[in-house]
Structure formats: C-alpha cells, structure tokens
Amino acid sequence: MWCRLLERVEGVYMPYEGLDFYDVDSLLTEEELMVRDMVRDWVEDEVLPNIEKACSDGVFPDEWRVALGEMGVLGAPLEGYGCPGLSYVAYGVICQELERGDSGLRSFASVQGSLAMYPIWDFGSEEQKNKYLPKMASGEWIGCFGLTEPDYGSNPGDMITKAEDMGDHFLLNGAKMWITNGTLADIAVVWAKLDGVIRGFIVEKGDEGFSAPEMKGKYSLRASVTSELVFQDCKIPKDRIFPDIKGLRGPFSCLNNARYGISWGAIGAAQACFHSAKEYALSRIQFDQPIAAYQLVQNKLSWMLREITKAQLLSYHLGKKKDDGTWFPEQISLAKMNNVDIALDIARMARDIHGANGILDEYCIMRHMANLESVKTYEGTHDIHNLIIGRHITGIQAFTRTA
Amino acid sequence: MPNIVVLVKRVPDTNAKITVSGGSLDLSAVKFVISPFDEYAIEAALRHKEANGGTVTALTLGSDACDKVLKDAKALGVDNLVRLWNQGWENLDSNGVQSALASAIGDLGSDVVYCGKSAADSNAGSTGPGVAERLGWTSVSNASAVSFEEAGVEAMIPTSSGQARVGLNFPCVVSMDKGEMEPRRPNVRGIMMAKRAVVEVISAEAPTPTVNVVRYSPPAEKPPGKTYEGAGNVPTVVQALRNEAGVI
Ligand SMILES: Cc1cc2nc3c(=O)[nH]c(=O)nc-3n(C[C@H](O)[C@H](O)[C@H](O)COP(=O)(O)OP(=O)(O)OC[C@H]3O[C@@H](n4cnc5c(N)ncnc54)[C@H](O)[C@@H]3O)c2cc1C
C-alpha cells in the first residue's frame, strides 16, 4: 500500500480509476463502495504484481485464498453460517474488482461462493450448512462444483455419473471434467443421477474412490486450477445428499448466481484493457503525434467506453433486481452473454491499439483476452445463452428442437 | 486498561490532482482518504489494544464530510468514533486545531494518543507535538515501531546516529512514521460494523486563528523532460548531466 503512495507522490505511478462515465458509483451504497475499494486495493497491491508469474507457473497462489477469506468476501450475498450477508450488488462489484486482476481469481471466488457454498446454503440440511459454510466463508476449505462431463457440456441433463443407494451409503461412479478448483478442493458439490434423477452430493477430499487429477495445457485461465473428478465406486455417507432438491433446477440455480457475478467480472476485465489502451494510446507517439490523436484510435476508445458503460448499467440494474428478488433467468443470460462478449471484443481491440506491445506479458491484454475465451464458454456458452433468450422470445426450445 | 485515542485526518487522495483557481484550492472533484501516516497510527492503536486490552477511539476534527474517514477507521477495528466540530472552524490554524484536540483528548480521559507524523495535505507535522505540549504530556515523533507496557509504551525513533528505543509513561503522545508495522486491510465484517457505527459529535473552545492563508498558488510547471535514444548519445547525456543539470 505504502510504496504505491510514494510512487504516486513522485508522479511515476498511473493510478487506476475505473471508468465510470454514467456515475454508477453514485448508485452504490457507502458499504458497497467500501467493499469495492477494499478489493480494488488488494488486487492492486497483491494480485497485479504477481499475476504474470502465477500464470506462467500455472498456479493459483494459496495466499490469495487466505486473503479472500480474511477480507470476508467469499459467499458474499449469503447470510448466516459465518457468511458475509452482503447485497448482490456488492457481490457484483467484488467480482468486477477481482476480474480486473484476473478472470482466474474471479473464477475461484465464483466457484467457491456461487457454485459450492450457495447450493449448501440453499439446499443443504442444517447439519451440512453448519459443517461446511463457516469454514468455506473463511477460506479454510475450498469447494468445487462438478456438473460438466467429458461428453456432456451444454446438455448436462444427459449426464451419466450416477449414484446408487447401498443402504448405509451411496456409491458414486462416473467422471466430471473441466472442474475449477477441483484438485485444490476440500469438498466437491457433485451432481449425479440417483434412480435416473439428478441429485446433489457432497464429496470430501479423501473419500474412498475419489480422485481429482489436474488438467494441464491450458492457454487460458492459467492462474486457475482446472481438474477432472473421477469416481470409482466412491463411497460416501448417506448424510451427504442434498435432502430435497431434484433435477436440473439444483445446478441451474447455482449457475444463475455465478453467471450474474460473471456479468460484473467481465466489466472488470474490460476496464483493465480499456485503462491500458487509453494510457498506451496517449503515450505512444507515431507520425509525431500520440496515436490517441488519430480519429481511428479515438473511435476505438469511444466504442470501448460505450460498451463498458452499457454493461455497467445492465449489471447494476440486474443486481438491484437480484436484491429485490424480481429477476428471471433470461435476464441473467443476457447480461452474462453481452458483457463477456463485449469484454472479449474490447480485449481484442486493446491488443490492436497496443500494437506489437500488446502481445507481451508486460501488459494485461493477452492474458485477459485468453482468459475471456474460457469465460465465454463456461457457465453456458454464448450460443446457449442466445438460445435461452430465443426460447424466451419465441416459446420454442431450440436446443432440442421441441417446444 | 488503556484508553487509546488515535487522531485521523481527512486529506485529498495522494494521487489526486489539486487545482488552484482564483487563489483558492478547488477540491470539488477530489477523492478524500485517511492521511497515509495516520494509517500507521491506527495500526499502532489497534495493536496496543490487542496486546493490553482497552478501547480505541478515533478522533478527527472537521465537518460532517469527515465522518467517512472515521467509518474507514471503524472498518479497520477501532471501537468509538468521535468528531470534534464547532461552527466557524472552517479556517482554524494549527494553534486552534491543537488546542481543540488537546481539550477533547483531555475530556475523553485518554492515556495514550497515536497520530501520523504529518498529514499528507499540509505536511506540517506539528499536531502530535503541539497537542502534547498543550496537555503537558510526554511525546515522541516519527516512531517506526511501538511496543506496549502496563503503564506506557516503548517507541523506536530515528536519531542522528541510528535508532533509539525510548520509553514513555502514560499519558503520552506518539506520532507514527511508516515503519515495521504494516497497516491492516479492512474486511467485510468491519465494513458492516462501520455501516452501523454512530459518530459522536463533540465541541470545544479554540483560540481565534492568528494565521491567515492569503492565497494559494500551484507549484511552477516542471520543464518538459528530454529523451535520448541509442548508445551514440551517451556523451551528450553525460554532458547534459554535468553542464545543464549539474548533478555529476
Ligand atoms: C476453464 C474452464 C473451467 C470450467 N469450470 C467448470 C466447473 O467448475 N464446473 C463445471 O461443471 N464445468 C466447468 N466448465 C465446463 C463448462 O461449463 C463447459 O465447457 C460448457 O458448459 C460448454 O460445454 P462443452 O465445453 O462441452 O462445449 P459443447 O457443449 O460441446 O459446445 C461446443 C459448441 O457447440 C455449441 N452448441 C452446443 N449445443 C448447441 C445447441 N443445441 N445449439 C447450438 N449450439 C450448440 C456451443 O455453444 C459451443 O459453441 C469449465 C470450462 C472451462 C473452459
């Protein structure tokens, strides 16, 4: 914190100020602003100086888990059981600031809060909530969410991982793939079919027949751990099933929360690229002028500002609707799809403005661009969200071509 | 158990661009923060409480615009928030500020006061020693670390030949420099407490200012820098450093 202040006094350091063309800050409560500034300062001081190394090493630094727990932002909008109890808008700004650092960092928090803590909080038994939530909110235990399978991505309803009731325990068999935090996780929320119906189970690290090998070779989200979850006659106690929730509604309600957070996160990544592009355009001289003086470059910057501003208003309004409970899932699809889409385009345009420098790890651009490719695909691909909205408009289900 | 007071001041963010118009400061578009050295004072106060118990009261002098920095201090973990203000105090001078603070500190019944070694706006560095002088308390300035005793504190302070560890008995004032005590970050629990926290507003007497600011003027523009590229320019750069800048 301090060296930054000194540099600022010296005028060397270009401080980051989020673009806020429509004064969205004025809509945030004092508490939301304080949470935003807390996360922003942490990202600035601890994440940005270390992110490139984390990416080249392909690791999620454990200090970040500890810090997220200490700040108390994990499971932000959940109440009780040691959870923060913040607004959905606050959860949104947290995601935004984390993803300004890196999408992998935001993914960690999304999975922990929305995909692992949320289902326990909403569907778990009292014992399950008391056992898991406080330790997950403090960051002591990491969670992951196993829905996708090697052969079932966009259509998880056809999953083949299954659970059998063996009287005094359940037996899980099958495999999940692309599971964020998998290898790190102390617990996995796993969706599997029991008598042909999708149910949620909690699998703990060390359960017999369970392993979570890491998937290597990613060019995207390199600072996030992605894994397979393998269940070979995996034996879990009977009290590890969510008692009542059945069918796709379980996993989909988790996804709704995570996707909402992603819509804000994408704004953070876009802001990082915009900030860098603006600074670069003002300082890079070609043909005796800063390139920012040329209309083509200004047009690009102006387009970025326009799309970021629209995305902010979309996410803020959606956040208020989440807080009021007046949202419906297609609204979340729109925000996730739109904001990730524009963030990716902004990253590409920022790369162009940076010229050759844009491909270096000295700038955040390529990293965000590569990360956003994953963000575009996970939590419902861009196309799938279009189909969800298409179904809303027409009443026709296009995934399966049946009404 | 010690009654600990920490003085905090609201100042423009140190990276804010300050403009002067018509001889006065234009701070309308500036973001305000806790003065950076005060963060070290807060850290010392909180560690003091963690070591020996007691209560920490954050005290500021200013209008209701200063409630935000008190709340920021609350989010870090202080117990009580007190703001000292009177009508007509907009242009208080250092003498007035120190007198008012000293009287408030006396009323709060404090044993030890921590403050920053200087504020990031005026940079005067007179508040700590000035308050101690008025109270007749012992004080040290520029402490880089403190440790806590039953009835006093030990502070590390710079001397001409190195560092000295000095002991102070209560009641005392310690002004803190940046040092070994890395200020903590807020957390969500603290922020929730800050939201609910109530700022107590108190008043005091202050002598009429004897120092008037006549006008503000911005510092002279820095002349533009020069850029040289390529090894061939080394002699030119050396010449410029010697003859123009006079640094070698
Ligand atoms: C880094 C990363 C982390 C992930 N983390 C998790 C996690 O933690 N937990 C988890 O469960 N999953 C996770 N996923 C998996 C992710 O949710 C899936 O990749 C996603 O749902 C898409 O599935 P798929 O990759 O099998 O693509 P597919 O479903 O095979 O889609 C391929 C293409 O076909 C298109 N398509 C598919 N069906 C249709 C259709 N009916 N009409 C038109 N187009 C269609 C898609 O839009 C896409 O363009 C992660 C993925 C990545 C990359």
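A: The second largest pocket of this predicted model has a volume of about 1,200 Å³. Its lining counts 44 residues. Closest to the pocket centre are Gly153(A), Leu255(A), Arg259(A), Glu379(A) and Gly380(A).

Helices H6 (103–123), H8 (249–283), H10 (329–353), H11 (365–377) and H12 (382–394) each give at least two lining residues, and so does strand S5 (169–180). By class, the lining holds 19 nonpolar, 18 polar and seven charged residues.

The ligand sits in this second largest pocket. Around the ligand are 18 residues. Those that come nearest are Thr148(A), Ser154(A), Trp178(A), Thr180(A) and Thr381(A). In chain A, S5, H11 and H12 each supply at least two residues of this shell. The shell divides into nine nonpolar, seven polar and two charged residues.

Thr180(A) uses its side chain, with a polar atom 2.8 Å from a ligand nitrogen. Thr381(A) also contributes its side chain, where an N or O atom lies 2.6 Å from an oxygen atom of the ligand. On its own, the ligand has 970 Å² of accessible area, and the protein covers 67% of that.

Terms used: Residues numbered from 1 in each chain as written. Chains lettered and ligands numbered in written order. Predicted model: local features only at pLDDT ≥ 70, side-chain atom pairs only at ≥ 80, totals over all residues. Heavy atoms only, no water. 1 Å grid on protein atoms, 1.4 Å probe; cavity = no way out; pocket = protein on both sides within 12 Å on 5 of 7 lines; lining within 4 Å. Points joined across faces, edges and corners; volume = space filled by probe spheres on them. Helix = DSSP H or I, 4+ residues; strand = E, 2+ residues; numbered from the N terminus. Nonpolar A, V, L, I, M, F, W, Y, C, P; charged D, E, K, R; others polar. Near = heavy atom within 4 Å. Polar contact = N/O pair within 3.5 Å; in protein donor to acceptor, adjacent residues only side chain to side chain. Areas by Shrake-Rupley, 256 points an atom, 1.4 Å probe, with all protein chains shown as cover. Sits in = over half its atoms within 2 Å of the grid points.
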